[in-house]
Amino acid sequence: MFIYNHLQSRSSWIQNAFIISSVSILLFNTTRNVFVFVKQFRPAVYLQNSKIEMVEGQELINTKKYPAHLGMTIELCAGIVDKDMPLIQVAQAEVLEECGYDVPEEQLQRVTSFRNGTSSSGSLVNLYYAEVTDSMRVNQGGGLASEGELIQVIEMPVSEVQSLISSEHINREPGLMFAVLWFLSNIWPQRYKAIKEK
């Protein structure tokens, strides 16, 4: 922990100084022209969407009133960089573990990097893009049970992503929205043209 005095003001911020970089991968299945995302339960999101009530002296959440789906988020395939290996190999491993696709390194395109959680962790996110096919899927994905991961792989056609971006009723992270907008500007025009010419 450290205390940061901003411009010698009287207020101090106490923040966690433990920062971990991560990789995020936008996947697009060209066999069926669908995005491949992951869906998982995030406790912090659930707490924000529910209400803690006092019941007989205990702080509890009524799960009938606030079901678990309130904590489900739609995200990019992603993972923290906690292994001593090149970022592209970390990205490759995450795609295989979470989504079940065996993607060669040369098919992972680096898009950019950006800071996430700038008011808390300031962690660096390394964004990649990969096109996959049905034949590249070697398992069902779902993450590693040994790491406590319970991930659902979902697919979404291009026609539905605009509502994903604009809907305030869907839990999604900003990196996903940025990546999809990047795709729609840089990848989809050429791919859509090729589809129409077939």
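Asp 134 is partly exposed, with a relative accessible area of 33%; buried means under 20%, exposed over 50% and partly exposed in between (1.4 Å probe, protein chains only). The model is predicted: local features need pLDDT of at least 70, side-chain atom pairs count only at pLDDT 80 or more, and totals for chains, interfaces and linings use all residues. Residues are numbered from 1 along each chain as its sequence is written, and side-chain values use heavy atoms, with hydrogens and water left out.

**Salt bridges**

- A salt bridge is a side-chain nitrogen of Lys or Arg within 4 Å of a carboxyl oxygen of Asp or Glu, and by this rule the count is 6.
- Asp 134 forms a salt bridge with Arg 32 (2.8 Å, N to O).
- Because Arg 32 lies in the loop between S3 and S4 and Asp 134 in the loop between S10 and S11, this pair ties together parts 102 residues apart in sequence; helices (H or I, at least four residues) and strands (E, at least two) are DSSP runs, numbered from the N terminus.
- Arg 32, Asp 134 and Glu 155 are linked in a network of salt bridges.

**Nonpolar cores**

- A nonpolar core is a set of buried Ala, Val, Leu, Ile, Met, Phe, Trp, Tyr and Cys residues joined through side-chain atoms within 4.5 Å.
- The largest core has 21 residues, of which Leu 26, Phe 35, Phe 37 and Phe 183 touch the most other members.
- Helix H4 gives this core its largest share, 5 residues.
- A second, separate core of 18 residues includes Val 90, Cys 99, Val 103 and Met 136.
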